[in-house]
Amino acid sequence: MTGEPNLSAFRELVLERGRELYRDLPWRRTTDPYEIWISEVMLQQTQTTRVDGRWQRWLERFPTVAALAAAEPADVLDEWQGLGYNRRALALLRAARAVVEGGGSVPSDAAALQALPGVGPATAAGIRAFAFDLHAVYLETNVRTVFLHELFPHEDSVPDRALVPLVSATCPEDAHNSADDPRTWYYALLDYGAYLKRTIPNPSRRSSSHVRQSRFEGSHRQKRAELLRVLLAHRDNDAAGASFETICEELASEEAKAGRRPLSAPEVRALLDELSSEGFCRQEGGAWRV
């Protein structure tokens, strides 16, 4: 970025593009803090098209923060399947229980939001902006894309610390009119950013925080996810759970279908111990259960 940017012109441009490119997404039709929170967590590193449908189904099963707080971990994990990063589901459950214990209302204060399990700065900012229409520093990938494209067009390895003051300065203060408020501003940034990523080389690659997502198939993450699916399937079909031998056999079958070598017994045991230590499963007698 050369010299001081013209932030007024930048805002005018982004708002104009936002009006042109506006996406009527289901979670934009609500200001319920719990519903917004769920959408924000689901949308992390997940395509919008995958979340549309799953968000609605989640809310049918867990319509309120109290309903989620009262749910069994296995039910929450079952509903989360296919959205990736299963730790998010357990964090949502722990956070919902913390909210209920604190009185039942999702907070609007940034510090209170970030005190909840799994809620980082971006998620807290999204809840503040979209549910409460409050000033927030919402720096996620599409927002970052716009700032890099428009204000840092020729620079590489741009750190977030250079973007944060600009994100804060361009976000309107707490809502005062429908044409210039945090919610409208960030919708415009998100939609313009999504458009840029579809039409030009992704500007986010010029961020110092950009990390290319590792391959999922055959990865440790994939094997963890497959093991969890096996355990959830046995929860539905066999209340007693699954024996270690059965788990090894079913994982071997899945690996064979993918053309990979089967996991050894020690590898399966290590995965089970890892998931157990994180609260995903437990051993009861000779069986493993979610």
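Trainee: Why is Y187 called buried?
Mentor: Y187 has a relative accessible area of 9%. Buried means under 20%, exposed over 50% and partly exposed in between, with a 1.4 Å probe and protein chains only, so Y187 is buried. This is a predicted model, where local features need pLDDT of at least 70, side-chain atom pairs count only at pLDDT 80 or more, and totals for chains, interfaces and linings use all residues. Residues are numbered from 1 along each chain as its sequence is written, and side-chain values use heavy atoms, leaving out hydrogens and water.

Trainee: What makes F130 buried?
Mentor: F130 has a relative accessible area of 4%, so F130 falls under the cut-off as well.

Trainee: Why is the pair of F130 and Y187 called stacked?
Mentor: Rings of Phe, Tyr and Trp (its six-membered ring) pair if their centres lie within 6.5 Å; planes under 30 degrees apart count as stacked, over 60 as edge-to-face and the rest as tilted. For F130 and Y187 the centres are 5.1 Å apart and the planes at 10 degrees, so the pair is stacked.

Trainee: Why is the pair of W27 and W55 called edge-to-face?
Mentor: Their ring centres are 5.8 Å apart and their planes at 80 degrees, so the pair is edge-to-face. Both W27 and W55 are buried.

Trainee: How do you know that R28 lies over the face of Y187?
Mentor: The rule asks for NZ of Lys or CZ of Arg within 6 Å of the ring centre and within 35 degrees of the ring normal. R28 lies over the face of Y187, at 4.2 Å from the ring centre.
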